[in-house]
Structures are given as structure tokens and as C-alpha cells.
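Q: I'd like to learn how to read a model like this one, feature by feature. Can we take it slowly, starting with a strand pair?

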Amino acid sequence: MSDSALHNPPLDRPHRPRPWHNLPFWGLLPTWVLMGFALLVPVVIVAAVSVATRGTHGGFTWDFNLASYRQILFNEGWTGEMEFTPQYLMIIARTFVLAGATTLICLIFAVPVAYFIARQTAGTKAVLIYLVTLPFWVSMILRVYAWMIILGRGGPLPRFLESFGLPPGTSFMFNDFATLTAMVYTYMPLMVLPVFASIEKLDVTLIEAAHDLYANRWTTVRKVILPLTAPGIVSGAILVFVPSLGAVLEPTLMGGGKQMMMGSLIQLQFGGGRNWPFGAAIAMTLMCFVVIFLIFTAHRAARKGDVA
Amino acid sequence: MNEAKAVEVRSVSKSFGTYQALRSVSFDIGANEFFTMLGPSGCGKTTLLRMLAGFETPDSGSIRLHGREVLDLPPHRRRVNTVFQNYALFPHMTLEQNVAFGLENLGWDRARIRARVGEMLERVHMETMARRRPGQLSGGQRQRVALARALAPDPEVLLLDEPLSALDLKLRQAMRDELRKLQRDSGITFVFVTHDQEEALDMSDRIAVLGAGEVQQIGSPTEIYEEPANRFVADFVGETNFFDVEVLETVAGQATVRTPFGLVITAPETGVAGRRRATLSVRPEKVNLGDQAQGVTMQGQVVNKNYMGGYTHYTLDIGGIELRASRRNASREGDAIAAGETVNVGFAPLSARVLAS
Ligand SMILES: Nc1ncnc2c1ncn2[C@@H]1O[C@H](COP(=O)(O)OP(=O)(O)O)[C@@H](O)[C@H]1O
Ligand SMILES: [Mg+2]
């Protein structure tokens, strides 16, 4: 603070606005600049590319064109007639189903884990939380390769199950199960941490009060624990669901790339497909879904906001 | 009146690690009784209360509620409700929903719940705020709602863990009367925990004084105050003067002792028979000064004086021994004794107590 405020009572001097003293604005300027360049500019570029025209040999020209968006739903025939094709819609739907499944599975595993951690002593808690975040210290691609070895032909899991009569040479790789396994594994910490935070904040005497008032375990979970930890669960779900929508590595490496998700589809257009405007159009579509999802959850959170 | 015991605690012990929180605690609580567990903080009051509620299991001993052994019953199967120290109201529910919570879990039908919730909120004067949430209430209001919530299911026993300690002084006083009235009107057995001796003396039918994980004494407020069973109780409940005395003779509950003032007096005793040394306890308000001095009388000099308005506390020096006295200022001139003055000091031996040291 300026020291004049300390020495003079502010009453007798009319306050002159000095805009350069506006700390909230100037102090946050680096953040604004960074946000602008890292977030806004790329989005604007992608949006621009999505309405550009595809070049004949890859690349694109700056001619306004909505063809890329049309291409998501329609296939242009030889004669120029538009034919509805659901292939990309299917990929979008698959993406949502897989991301949703990832979120749900993460939630089912994370809640008991977070609950368990929250009940430990302070020291044990710190260690367990560190262990939860441990995978982040290893490169993601290495971790996915590790899963390819675990699930692949001759890997520990098939070998283990073969000793129980599974036919030899089985592989669990290159399907949705493999994709899901890697996604759940990758995003689990993002679910555990916020759920843990909200469970830890939960006052245990409220749980006791519920039991005291004749609520059994399930009623207590339903009427007290879930409503009070909902903010953490919602944050966790957002943190898992949103990046799951854009997952590339897992479907490509674990799923084998045959069954695509939106992320890998986008990557393909910027890479081998050489159709940047189409890739950008899918990316914009994906972003729209994410924004709608976030607005929806934020709206719900605001409506329940008077709880806390 | 129902003669059955509401609560029977038998030889209950509990250790946390190597720390023994309760040592073979036993007591009974009668139906419709206002029973208080009084003791310094850390003496095991909350632990005992949590055992009655079912949140804590004794290492040994048994607990019966209305004649039924309850150790195998989880908290939600015991007809016992608790008013928690921090109230523990559900922050995401309205007051109505808070009060209805227990009734819903008991499977009451809607109409009955509505009626009961209205009745309970009215009884604690909170009916106009039924739709508010706990976050919007003051401490005293939360307290009332917590009471309404715990009383609504009409429990066999209501447990209260220092429910008044978070309230300010004025409110605490008013809530004492209100609690007492609620207990009389509802006819529910109250088990009240406090470390505040005044609260205990004011509200209880009977008090159990706990100290060091053991029951030190159980009795009516007057018994606890006037006939303390040992030095711990005399010290913890109320103010008192302690003097080391030599026991000359004990006969029929009376001990003849030689006091440090040189006088030999005969006063009621507890647990002194067969001992040579004991403690004499004399409450300050039992000591009379000046022309009011009766019984055992001595000369003392006023070394300090604290005027409290309704009372004045005097510290007297009697031949090198300190004695505290307090005197009610019944008239404006009541406070007439000045510091430094030498006055007559006396107390009736019957109002003193000889205790095991
Ligand atoms: N869960 C627990 N773990 C370890 N020690 C405990 C636990 N609960 C209570 N204690 C100890 O037992 C003693 C009695 O506690 P408590 O019943 O809460 O006392 P009070 O309510 O009379 O203040 C205290 O010394 C406390 O530290
Ligand atoms: Mg306590």
C-alpha cells in the first residue's frame, strides 16, 4: 500500500484516481498477456483455419469456406450432391462415451481411495497423496508403453490369466478396454485430489450426527456425504472428462488407432490427412462441446451455491 | 413414575494406546432424570457420552439402556440422540430438513413429520426461520435447532456434550433455564456433560463428578457441594480453603482434628477413619467476619480485599496462615471492613469438612 495512507487520514484530501495505482489490473498484466498469447491467440488461429479452404497439396488458402464444418456431417459426392454420413458423428459419440466411462470409472475408484486417505493421520496422508501424484513424474508416453507391455501378448496380465486357463497368446491390447484402462490410469489422480480435498473438509461429526439420527450407512452417504462432497466430485469430473475428450495417446497407442476418438482424428488431419481446415473444424466443435459442458456445470454449481 | 433405570454403566474402562481414559466407571441414571457428568477437560466425559451414543466401544464393562445391553447396537439403532458440542447441523439442509432428518430415517409418514417438525421448531422459538439454513443463524439459534433436532424423535435418552460452552454469558444463563424446562416438559432423560460447575449445580437432579478417568462422587448438587467425598471434588466444585490437619479421633462420621491455627475442632468427615493426616476444607462463604463471627473464632488481618459488587472477597492472615472469606453485601454498608484491619474470623465446624488428603 502507499505509505501516504498510513500518515494522513484520507478524509481531508480528495481522492484523485491514479490509474497506474490500480493494482488488480497492472499486477495481473503478465497473466493477461500470457493468457492472451497462450489461450486466445491459438484459439483465434484455429477458428480462422477452420473456415479456410483446403489446398490441393496439403496446406490451405485464406478463402472463407464452411466446407470443413459441412464435412463433419456430409460427404460431398462426385456430382457435388451432399450425402449425410454418420462416420464422424460416430467418432464424436464414441469420444463422449469413452470420456464419460473414464470419468465414471475414475469416480468409482477415487471416492473410496480419497475417503481412505482422508481418514489417515496427517503424516500418512501426505505420503499417500504423494504416491497418488507419483505417476505424473514419469513421462506419459512411457506410462502408456508400460501398459502396452502389461496388457499385450505375453505380458504379465495375460500370462497370469493364462495360468487360470485362458488360451495362450491372448492379448488385451488394441481395443476399447485397453484405451479405457490407460485413460482411467492417466486421469485417476485428477479425480482423487479434488475428491480428497472435499472429503477431508467434511466435518466427521456431521457423519456421526447422521448415524445418531438413525441414518444407516447408505442413507448417510446419500443424504450427507454425497451432497457435501459434491463440489469436489464435480471438479474431479470436469478435470477428468475434459482432457479425456481430447485424448490422443491412449486411443492411438492402446486402442490401435482403428477406433478413433476426436483427439486422434484431429491429429490425423494435421498430420497424415493433410487437411488442416477439417482438423481445425473438429477441434472447434470439440471446444464448443467442452464450453457447453463447463457452462452447464458452472450453472448448476451456482444454483446450489447457497449450500456452502 | 417409571422406576426402571434409563442408563446403567457397569465397570466401563477404556484406553487410548497406553493412556487410560476411563477406569472402571459405574453409575446408574434414573428415567426422567437430569444427570450431569462434571469434570475438568480431558477427564473422559466426552468418551463416556460417545459410548452411550455408540460411537465408542468400551474395552471392558457393559452399558444398558432401559435394561437392554446395547454394546452390540450401532449408533443408528439406539434410541438415543445427541446434541453435539459444535451442534453438527447439516449445512446443506434447511432447519426444517435438519429437524425432519431423524424422523425420516425412522420411517415416519410425511404428515406426521410435518406436524412434529413444526411443533419442535415452535418449542425452541425457531418456527419463523424454518426455511433458513444453519449458516444464517447465530450460535444461540443453532443451539436451539440442534436441540429441536435431537428431541424430535422422542429419544429414550438425550445426550448433551457441553452444549452451552460456545454461547456468550447472558445467553448461557437463559439457555440453562430453557434446557431445564425442556427436560421437565418432555420427560426425557438428559445426560449433560460440562466442565462448568455452576451449570452442573444449577440444572442437575444428580451430578457425577469425574476426575482422572474415575467417578469421584455421585450425588445431588447440594451433596456434591456441601459434602464433597474427597479433596478433588471439594477443589473442583466451588471455591474452598484447604488446611492440612492432624486427625485426633474419628467417631460416627465426625473427625476431631488439630488445625494449623492451633485450635482443635470436630467436623464431618469422609474417608478419614484410620488416617493420621487429613485435609480440612472450609468454603469461603462459610467464614464469617467481624461481629458475625461464630463457631470457631480467631483473629485475622485483612491482607487483600476484592469488591465484586454483590460480594466482597477477603484474604485474611491468621497467624501466618491464609484464609479466604467471602461476604454478601446485604446492605450498602456491607463492605465496611477495610484492608489492614484486624477482625474476628469464625466458621461453624458443621459447615466444614474433613477429607482424606
Ligand atoms: N480417539 C482418541 N484417541 C486418543 N485419545 C483420545 C481419543 N479420544 C479421547 N482421547 C483422550 O482421552 C481423554 C479423555 O477425552 P475426553 O473424553 O474427550 O475428555 P473430556 O470430554 O472430559 O474433555 C483425553 O485425554 C483425550 O486426549
Ligand atoms: Mg469433551
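This is a predicted model: local features need pLDDT of at least 70, side-chain atom pairs count only at pLDDT 80 or more; totals for chains, interfaces and linings use all residues.

Q: How many bridges join strand β1 of chain B to strand β4 of chain B, and which way do the strands run?

A: Strand β1 (residues 5-16) and strand β4 (residues 60-65) of chain B are joined by five bridges, and they run antiparallel. Zoom out and you get an open sheet of four strands in chain B, ordered β2-β1-β4-β5, with antiparallel pairing. To read the edges, look for strands that pair on one side only: here those are β2 and β5 (68-69) of chain B.

Q: What does the secondary structure of chain B come to?

A: Chain B comes to eight helices and 20 strands. Its C-alpha atoms fill a box of roughly 75 × 50 × 40 Å along the principal axes. Of the 357 residues in chain B, 51% count as buried. For the contact pattern, take the contacts in chain B between residues at least 6 apart in sequence: 65% of them join residues at least 24 apart.

Q: Now the interface. How many residues of chain A are in contact with chain B?

A: On the chain A side it's 19 residues, and they are in contact with 27 residues of chain B. The area buried between the two chains is about 2000 Å², and carbon and sulfur atoms give 61% of that. Then ask who supplies it: A:Asp212, A:Leu213 and A:Tyr214 account for 40% of what chain A buries against chain B, more than any other three residues.

Q: What about polar contacts across that interface, and which elements of chain A are there?

A: Across the interface of chain A and chain B, 10 residue pairs are in polar contact, counting pairs with both residues at pLDDT 80 or more. On the side of chain A that touches chain B, the elements giving two or more residues are α10 (204-212) and α11 (217-245) of chain A. Of these, α10(A) gives the most, with seven residues. By type, that side of chain A divides into 10 nonpolar, four polar and five charged residues.

Q: What's the count of salt bridges between chain A and chain B?

A: First the general idea: side chains of opposite charge can pair when their charged atoms come close. Between chain A and chain B the count is two salt bridges. One salt bridge joins A:Lys223 to B:Glu104, with the closest N and O atoms 3.0 Å apart. There is also a network of salt bridges that links A:Glu208, B:Arg50 and B:Glu56.

Q: Which parts does the pair of B:Glu96 and B:Arg131 tie together?

A: Their side chains meet in a salt bridge at 2.9 Å, N to O. B:Glu96 lies in helix α2 (residues 95-105) of chain B and B:Arg131 in the loop between α3 (110-123) and α4 (139-151) of chain B, so the pair ties together parts 35 residues apart in sequence. B:Glu96 is partly exposed at 26%, and B:Arg131 is exposed at 65%.

Q: And B:Lys181 with B:Asp185: why are they separated by about one helical turn?

A: Because they are four residues apart in helix α5 (residues 169-186) of chain B. B:Lys181 counts as exposed because its relative accessibility is 52%, and the cut-off for exposed is over 50%.

Methods: Residues are numbered from 1 along each chain as its sequence is written. Chains are lettered from A and ligands numbered from 1 in the order in which they are written. Side-chain values use heavy atoms; hydrogens and water are left out. Contact means heavy atoms within 4.5 Å. Buried area is the accessible area (1.4 Å probe) that two parts lose on being put together, summed over both. A salt bridge is a side-chain nitrogen of Lys or Arg within 4 Å of a carboxyl oxygen of Asp or Glu. A polar contact is a pair of N or O atoms within 3.5 Å; within protein, one must be able to donate a hydrogen and the other to accept it, and residues adjacent in sequence count only if both atoms are side-chain atoms. Ala, Val, Leu, Ile, Met, Phe, Trp, Tyr, Cys and Pro count as nonpolar, Asp, Glu, Lys and Arg as charged, and the others, Gly among them, as polar. Buried means under 20% relative accessible area, exposed over 50%, partly exposed in between (1.4 Å probe, protein chains only). Two strands pair if DSSP finds at least two bridges between them.
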